[in-house]
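Me: Could we go through how the two chains of this model meet?

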Protein chains: 2
Amino acid sequence: MYDNLKRVLIGKPLKNEESDGQKYGILWGLPILASDAISSVAYAGQEMLIVMLPVVGALAYGKLSLISGAIILLLMILTLSYRQTIEHYPNGGGAYIVAKDNLGTKAGVTAGAALCIDYILTVAVSVSSGVEQITSAFISLKPYTVIICIVMVGLLMVGNLRGIREASKIFGLPAYAFMLALLMLLIFGFAKIKGGYIPPEPTIKSLGEPITLILLLRAFSSGCTALTGVEAVSNAVPNFKTPSVKYAKTVLLLLSLIILVLFGGTSILANIYHVVPGDRAMLVLIAEQVFGHGFMYYYITITTFVILIMAANTAYSGFPLLLAVMAKEGFVPRQLSMKGDRLSYSNGILLLSSVAAVLIILFKADVTSLIGLYAIGVFISFTLSQAGMFRKWLIIKGKNWVPKAFINGLGALVTTVAVLIIAFTKFHQGAWIVIVLIPILILLMFKVKKHYENIRKQLKITPKLLERADINNKKYTNHVIVPLSSVNKSSVRALKYGTTISDNVTAFCVATDEESAAKIQEKYNELGTDIPLIIKYNPYRKVVEPLLDFIESAEYEYKKGDIITVILPQFVVKRWWQRLLHNQTGRFIERKLLKHKHIVVAVMPLQLND
Amino acid sequence: MYDNLKRVLIGKPLKNEESDGQKYGILWGLPILASDAISSVAYAGQEMLIVMLPVVGALAYGKLSLISGAIILLLMILTLSYRQTIEHYPNGGGAYIVAKDNLGTKAGVTAGAALCIDYILTVAVSVSSGVEQITSAFISLKPYTVIICIVMVGLLMVGNLRGIREASKIFGLPAYAFMLALLMLLIFGFAKIKGGYIPPEPTIKSLGEPITLILLLRAFSSGCTALTGVEAVSNAVPNFKTPSVKYAKTVLLLLSLIILVLFGGTSILANIYHVVPGDRAMLVLIAEQVFGHGFMYYYITITTFVILIMAANTAYSGFPLLLAVMAKEGFVPRQLSMKGDRLSYSNGILLLSSVAAVLIILFKADVTSLIGLYAIGVFISFTLSQAGMFRKWLIIKGKNWVPKAFINGLGALVTTVAVLIIAFTKFHQGAWIVIVLIPILILLMFKVKKHYENIRKQLKITPKLLERADINNKKYTNHVIVPLSSVNKSSVRALKYGTTISDNVTAFCVATDEESAAKIQEKYNELGTDIPLIIKYNPYRKVVEPLLDFIESAEYEYKKGDIITVILPQFVVKRWWQRLLHNQTGRFIERKLLKHKHIVVAVMPLQLND
């Protein structure tokens with residue numbers, strides 16, 4: 001039943017060799033990887049206004065373009081920086097790999113931890129903002145915001161479990177539709193003003209205070225979220241068709257140009273049209289003024305919603321890949337490096353979906369609340385990545401190393417400043433959570449690494465071990481114990497199997513009172529076997545403890561190095577619900593017994609019809 | 001960790017022999033078993049008013065005492081009937097046993113299904129009503145109603161997992177406190193009126209329609225909930241100290257007298273004081289008028305709350321016991337008949353708690369909504385129980401059988417009429433759910449019974465089976481397969497164990513490509529063993545399917561009746577979190593393999609340090 005459901009939801013298994021066909025070129029690579037950065041147009045500008053409007057009122061509009069300009073400058077520097085990264089790291093891994101290679105393991109793991117948090121927030125913020133667009137246009141849906149968000153995360157999860165290529169086809173076209181939508185908004189928006197349209201005066205409840213530096217910096221911190229997603233391209237270089245470096249660099253450049261036009265343009269429009277976001281989303285409010293409640297209004301709303309869902313999808317490309325890289329090096333559980341039936345990293349996808357869903361529920365899908373946690377993770381990884389590249393040039397030098405080092409050094413410097421600004425101005429708005437969480441994650445990752453290292457050492461085959469084991473000539477001395485709760489067909493089979501694998505078989509039974517003991521003994525005698533039956537009393541109706549006590553007692557003879565095989569009969573029923581009708585104590589006993597190294601548990605099935 | 005938590009919550013394990021000491025006499029038996037019936041004073045009268053007030057307005061008050069009188073008459077008949085039941089069924093089991101003994105299995109199972117539903121609703125209704133008392137006095141708690149209810153169910157669960165006697169001590173005294181509280185309310189309530197107090201005119205929004213028969217019957221149906229819980233005493237006879245029959249009969253009689261006084265008295269008070277329940281509970285409203293917001297007001301509110309929680313506790317005595325009886329006969333899963341560490345039927349307690357919690361959440365802890373589902377289950381079981389007793393007298397006859405048969409016959413008749421009235425008048429208010437659910441439950445119970453019967457037959461040891469098995473002389477032919485994913489210390493142990501239990505050992509490995517196959521083969525060769533290694537390719541990275549294919553292929557030789565032992569090495573780690581760092585595929589492989597009857601899975605542990 002589970003298998004069928006899985007097939008319907010995620011499709012038939014793909015072979016390993018089909019992996020290569022799932023890669024993409026510029027046409028599909030751009031919409032998939034760019035959507036995170038492009039879509040932030042929907043919230044970055046809006047959140048800057050939400051910071052400033054309640055404090056300084058209409059004065060905010062004038063400052064919007066100024067701060068947006070600063071952010072676009074930052075984007076330019078990052079784009080140049082990251083093109084150099086792509087060139088030198090064609091196998092991807094982004095900030096994690098770059099920091100690890102050039103600044104050491106600790107810096108790498110720090111970048112990894114920061115990125116993990118970033119990806120999760122990308123999903124939470126993008127989905128919440130996407131649904132906010134819809135509820136801004138269809139206000140009756142507002143009460144269902146959280147539920148709609150969770151459904152969206154569910155769809156993303158299923159879509160991504162189906163594999164990469166199908167994802168690009170599903171999410172490819174709407175990205176272009178969104179770019180077209182915003183381009184139309186810009187063109188008609190500016191044309192309308194040229195045509196003599198005068199926007200209504202905004203009604204803003206504000207404190208009417210003067211503009212302060214700290215306020216501008218807080219707005220800047222919110223606006224920095226516009227740059228999240230730029231690094232996705234450098235992480236995903238191996239997902240491109242060959243020549244992947246060339247494709248990736250082109251996609252990154254295109255991406256930056258698109259952000260420049262859309263983010264810059266909408267900031268200016270918001271300024272001109274004097275929109276007041278809060279209950280409703282900024283882009284929807286601008287579209288309402290430019291187009292009224294016509295086709296274009298709904299077209300913009302819906303494509304914005306879709307691009308934001310796609311942005312969340314970007315994280316579904318990046319997060320599992322990052323974890324797979326880190327898992328191969330032992331910093332996160334190994335299961336995260338295994339591809340599922342459909343060649344996607346299923347465990348990473350499931351992890352991302354569930355944590356993002358929890359965040360959405362905790363923060364009630366409120367973009368302004370979530371934005372406080374966002375950006376800091378990304379900017380920490382930006383900084384480490386740029387610093388890593390900077391250090392690389394200092395060491396390897398090579399052709400034109402000075403300008404290259406200058407670009408990456410500048411990148412590292414400006415992003416460091418941004419990290420400090422965000423940490424300081426957003427501390428109380430949620431940044432503290434991330435600041436606390438990152439060191440904890442780093443600690444855990446090193447603990448996991450250490451565990452795997454220890455295990456590897458313990459499992460290693462040494463010549464001494466081989467010599468002592470002497471597989472070909474030496475055997476274990478094997479004792480068998482068959483625990484019985486009643487005497488039936490499966491006991492007969494278990495006892496017979498016992499005599500097959502050992503000459504030393506004991507049947508063992510725990511009774512709560514003498515009456516039931518006598519009953520068992522009588523039925524056992526009917527079997528006519530010469531295998532001894534040991535009956536122990538236990539008032540607590542426990543099985544494992546008396547068995548272990550018996551094994552360790554003087555009554556039972558075994559030497560160090562011997563193996564004791566405990567045979568557990570298990571009923572195998574035809575239908576899943578019938579399993580509910582039988583004790584699952586077998587599993588429990590198995591786990592307790594396996595804690596003792598000299599015990600092997602042999603589970604002997606008995607198939608039952610209805 | 002789990003073990004420690006369990007100890008703190010539910011206490012240390014009790015021995016079987018301690019079971020007897022947990023029984024109770026009249027002093028503790030009365031409050032524990034009576035609370036369900038007594039506490040219904042808090043909602044039965046109130047719900048009658050809620051049915052009538054909106055339709056007929058103040059006219060309702062006059063009819064309240066009339067309907068209450070009818071219900072008290074019903075109570076008298078039931079009490080006489082049930083005293084006869086207790087006498088003839090000292091081992092308890094109530095309606096289920098009585099119906100089964102005298103009317104056949106189907107009637108018994110029907111009564112059992114009806115009682116199951118009744119017990120669950122007892123918890124849901126009593127807890128919801130209890131919390132309603134509190135939120136009526138402390139109105140600021142109203143928004144947290146559902147959460148408080150769930151916490152209460154949780155406390156009841158933990159309390160009952162700790163065992164019977166401690167439950168009686170915790171819940172004993174407050175029951176008397178409640179009786180005292182209501183007695184005070186009656187005395188001061190009547191005294192205040194005698195003293196000349198004139199209650200304010202009620203402000204009722206009503207349709208002002210005339211009183212119709214159907215309306216009176218609907219009110220009667222709601223009022224019938226006052227009688228739920230009367231049967232608890234006859235179910236729990238074996239929980240009394242010896243002489244248990246005498247104690248039980250006395251408790252039942254005392255119980256009826258107390259209901260008569262409290263239910264009758266408060267109905268009259270509600271009539272005199274013209275209270276309008278709905279947003280706030282009836283008893284709290286009466287207490288407010290009689291005592292104002294003084295000590296007695298809060299005393300009554302809180303003791304009412306506590307007695308209602310105790311009423312829910314009654315179901316915690318009855319439900320698990322009923323299920324244990326039914327489980328022993330195979331109608332419900334066997335696990336429900338097993339006593340936990342503290343000698344309580346843990347699984348029944350957990351089941352009751354979870355279903356009641358779900359109901360409370362679904363119905364938002366609204367007493368009026370839940371009451372629509374209540375009563376019908378109880379009255380079906382009343383009817384079957386009385387009818388069973390009636391039939392008993394017709395068959396066994398004996399001393400004074402005619403008046404005895406008359407009493408039980410009358411009981412059966414009036415309860416049948418009540419069932420029809422409730423089913424008809426409350427159909428749309430939720431009774432339909434129960435009417436649909438009971439046949440489904442009955443069907444399931446018979447299905448479970450049939451499954452256990454089939455299993456019993458299949459497990460039976462026949463002389464033919466013994467002869468064919470010939471445990472002492474014949475052995476299985478045992479083949480061993482050791483699946484490897486890599487070559488390490490645990491592989492060495494598994495291979496050595498394989499040669500210990502069979503002369504026919506094969507190592508088996510699934511590779512995704514030739515490169516990894518060559519690597520494994522090379523490492524395997526270093527072991528220097530003569531056990532053959534079979535490598536199969538599987539592009540889907542699966543293990544079980546290629547292994548089963550290999551076993552069934554011509555390449556692998558085995559005969560029908562042979563056993564194939566598959567040895568699975570398993571890492572056993574020290575700390576629980578480390579388990580998350582290792583594949584749990586072993587479990588999965590084990591389950592798939594065990595579906596094949598010729599395969600035994602031997603799990604060989606390897607203990608790892610950190």
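**Strand pairing and interface**

Reply: Strand β5(A) and strand β5 (residues 599-607) of chain B pair in the antiparallel sense over three bridges; pairing requires that DSSP finds at least two bridges between two strands. Strands (E, at least two residues) and helices (H or I, at least four) are DSSP runs numbered from the N terminus. This is a predicted model, in which local features need pLDDT of at least 70, side-chain atom pairs count only at pLDDT 80 or more, and totals for chains, interfaces and linings use all residues. Residues are numbered from 1 along each chain as its sequence is written, and chains are lettered from A and ligands numbered from 1 in the order in which they are written.

Me: Which residue of β5(B) is the bridge partner of Val601(A)?
Reply: Val603(B) is the partner.

Me: And how many residues are in contact across the two chains?
Reply: 63 residues of chain A contact 63 residues of chain B, where contact means C-beta atoms, placed from the backbone, within 7 Å.

Me: Which element of chain A gives the most to that side?
Reply: α20(A) does, with nine residues.
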